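Thanks for coming. I will go through the packing of one model, element by element, and then turn to the contact between its chains.

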Amino acid sequence: MEKVLDRVQSFFLDMSVLEVMNPNVISVRPDRTLRQVKEILRIKRISGVPVVDSERKIVGIVSIEDIIKALEGGYIDEKVQNHMTKNVVCLKSSDTLKEVIETFEKYSYGRFPVVDENNRVLGIVTKNDVMMALLAKLGLVYLHDERRKEVLESPDYFDRSLITGESLDKSGADFYFPIDYYDINLAGVGASKLRQFLLSKGVDPEMARRVAIATYEAETNVVIHSGSTGAIYCFIKPDSIFVRVEDTGKGIDNVELAMKEGYSTAPDHVRELGFGAGMGFTNMKRCSDNLMVVSKVGAGVVVEMEFRRNREGSR
Amino acid sequence: MKLAEILAELKAKVLANEHRVEQLQFEHAAASDLMSEVLAIAKPDVVLITGLCTPQVVRTAEVVGIPAVVVVRRESLPSETVEMAKASGIVLAATKMSMFEACGRLYARGIRPIWEV
């Protein structure tokens with residue numbers, strides 16, 4: 001029994017911090033104001049941010065407690081560099097989960113940046129990240145069908161088409177748009193650009209509309225749900241248009257549920273903007289002729305859509 | 001119905017692309033605050049009535065190909081929404097009227113829904 005426990009323990013405790021951390025760190029520069037940090041914390045719903053210099057080297061950290069103090073003390077418009085915590089407790093990239101847990105026990109902080117040997121920020125670890133990493137390791141990964149498993153287990157998961165199974169030369173895409181923003185107010189910029197692009201290539205307006213609507217929904221999902229950045233690729237083929245929208249964010253744990261009309265996990269601030277009606281995937285399905293969604297918790301989402309040119313009975 | 005008549009009926013003020021008002025006319029209108037719903041139901045040749053005033057409204061209209069948007073319960077709109085409308089060529093107007101009254105008035109004047117039950 002003890003042996004089994006030992007083995008299980010080492011299975012978890014030897015996990016590298018790189019597996020545990022969130023690599024998508026939201027950081028600020030020292031010359032920003034605390035008020036700007038407050039807005040970032042509010043919009044991104046996080047509780048602290050590392051402060052980095054132009055080489056991404058860590059120089060401090062600001063937490064929500066610092067913001068509360070700044071509001072009370074009336075210095076919210078002052079610069080981050082004057083009020084940040086300068087002695088930041090960091091994790092090293094060589095640390096394991098064991099060290100992560102010990103660090104959490106030793107210090108009462110809510111988050112620890114992970115840095116490389118040059119003090120450059122590689123990621124950040126909160127208790128939530130530890131929990132998610134453990135759950136993922138425990139195998140609580142939703143598998144929605146065998147085909148999905150096959151795709152996820154293949155080493156070229158991100159380089160292979162879900163629909164055709166062919167390897168995808170993304171650099172050969174006719175249209176590429178990086179979804180590199182987090183601001184929900186910008187959601188749809190890529191879809192709108194794609195529509196203009198398709199029209200400029202002489203694609204039938206009704207077809208361009210279908211592609212743009214479905215892409216808009218997929219793009220909005222990346223911005224609202226992934227917590228990461230993503231990309232839109234479009235390939236124009238003789239008898240169809242092929243769109244792939246992917247992100248490297250937190251993933252969907254139950255694809256079938258997410259596909260259900262009316263189901264939404266969008267937060268209130270997004271609903272206030274008219275999103276989160278739970279119609280995203282429904283719209284994608286309706287507009288496209290072939291839709292494939294593959295996701296794994298912690299490994300992002302890939303949506304592929306095929307739009308045939310000779311579609312009959314399109315609305 | 002001419003867009004100019006629609007806007008007069010709604011007592012709406014044009015905030016972007018006034019020069020296009022005289023060129024457009026509509027038989028159908030759609031009203032919604034849910035952008036996903038607009039994406040789901042809307043056709044290109046409708047005027048959109050909505051209570052939302054964020055830039056998303058304009059972007060959604062653009063993606064669907066809707067040429068005119070009337071925002072209800074408002075006299076003015078955020079400048080980024082107006083700027084986006086100007087850039088995209090979409091006619092943007094605002095009225096203090098409620099959505100219910102705006103829809104009722106247009107229906108009474110013969111504007112039809114996208115599908116009738």
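This is a predicted model. I start with helix 9 and helix 12 of chain A, the latter covering residues 280-287, whose axes come within 9 Å and cross at roughly 155°. An angle over 145 degrees counts as roughly antiparallel, so helix 9 and helix 12 of chain A are roughly antiparallel to each other. Helix 9 of chain A passes helix 12 of chain A in a left-handed crossing.

Which residues in helix 9 of chain A meet helix 12 of chain A? They are A:Arg210, A:Ile213, A:Ala214, A:Glu217, A:Ala218 and A:Asn221. On the helix 12 side of chain A, the residues are A:Gly280, A:Phe281, A:Asn283, A:Met284 and A:Cys287. By class, this contact of helix 9 with helix 12 of chain A has six nonpolar, three polar and two charged residues.

Next, the sheet in chain A. Five strands form an open sheet there in the order 6-7-8-10-9, with antiparallel pairing. At the edges are strand 6, residues 175-179, and strand 9, residues 290-295, of chain A, and each pairs on one side only. The twist averages 10° from one strand to the next.

Helix 8 of chain A touches strand 6, strand 7 and strand 8 of chain A, and its direction makes about 170° with that of strand 6 of chain A. Helix 9 of chain A, residues 205-226, touches strand 6, strand 7, strand 8 and strand 10 of chain A. The direction of helix 9 of chain A makes about 5° with that of strand 8 of chain A.

Now chain B. Its sheet is also open, with five strands in the order 1-5-4-3-2, and the pairing is mixed. Strand 1, residues 13-16, and strand 2, residues 28-31, of chain B each have a single partner strand, so one side of each is left without a neighbour in the sheet. Neighbouring strands here are turned by 25° against each other on average, direction ignored.

Within that sheet, strand 4 of chain B, residues 68-71, and strand 5 of chain B, residues 91-94, run parallel and are joined by four bridges. B:Val71 stands opposite B:Ala94 in strand 5 of chain B. Helix 5 of chain B, residues 99-108, lies across strand 2 and strand 3 of chain B, running at about 155° to strand 3 of chain B.

Chain B also has a helix pair to look at. Helix 3 of chain B and helix 4 of chain B, residues 79-88, pack at an angle of about 20°, with their axes 8 Å apart. Angles under 35 degrees count as roughly parallel, and helix 3 and helix 4 of chain B are therefore roughly parallel to each other. Their crossing is right-handed. Helix 3 of chain B contributes B:Pro55, B:Val58, B:Arg59 and B:Glu62, which meet B:Glu80, B:Thr81, B:Met84, B:Ala85 and B:Ser88 in helix 4 of chain B. The residues of that contact of helix 3 with helix 4 of chain B divide into four nonpolar, two polar and three charged.

Last, the contact between the chains. How many residues does each chain give to it? Chain A gives 24 residues and chain B gives 20 residues. The area buried between chain A and chain B is about 1800 Å², of which carbon and sulfur atoms give 55%. On the chain A side, A:Arg209, A:Tyr216 and A:Gly274 lose the most area to chain B, together 28% of what that side buries.

One helix pair spans the two chains. Helix 8 of chain A, residues 189-200, packs with helix 3 of chain B, residues 55-64, at an angle of about 30°, with their axes 9 Å apart. That makes helix 8 of chain A roughly parallel to helix 3 of chain B. Helix 8 of chain A passes helix 3 of chain B in a left-handed crossing. The contact is made by A:Val189, A:Ala191, A:Ser192, A:Arg195 and A:Gln196 of helix 8 of chain A, with B:Arg59, B:Glu62 and B:Val63 of helix 3 of chain B. By class, those residues divide into three nonpolar, two polar and three charged.

Methods:
Residues are numbered from 1 along each chain as its sequence is written. Chains are lettered from A and ligands numbered from 1 in the order in which they are written. This is a predicted model: local features need pLDDT of at least 70, side-chain atom pairs count only at pLDDT 80 or more; totals for chains, interfaces and linings use all residues. Side-chain values use heavy atoms; hydrogens and water are left out. Axes are lines fitted to C-alpha atoms, for helices over the stretch in contact, and angles run from 0 to 180 degrees between N-to-C directions. Angles under 35 degrees count as roughly parallel, over 145 as roughly antiparallel, 65 to 115 as roughly perpendicular and the rest as oblique. A crossing is left-handed if the near helix is turned anticlockwise from the far one by less than a right angle, and right-handed if clockwise. Contact means heavy atoms within 4.5 Å. Ala, Val, Leu, Ile, Met, Phe, Trp, Tyr, Cys and Pro count as nonpolar, Asp, Glu, Lys and Arg as charged, and the others, Gly among them, as polar. Two strands pair if DSSP finds at least two bridges between them. Buried area is the accessible area (1.4 Å probe) that two parts lose on being put together, summed over both.
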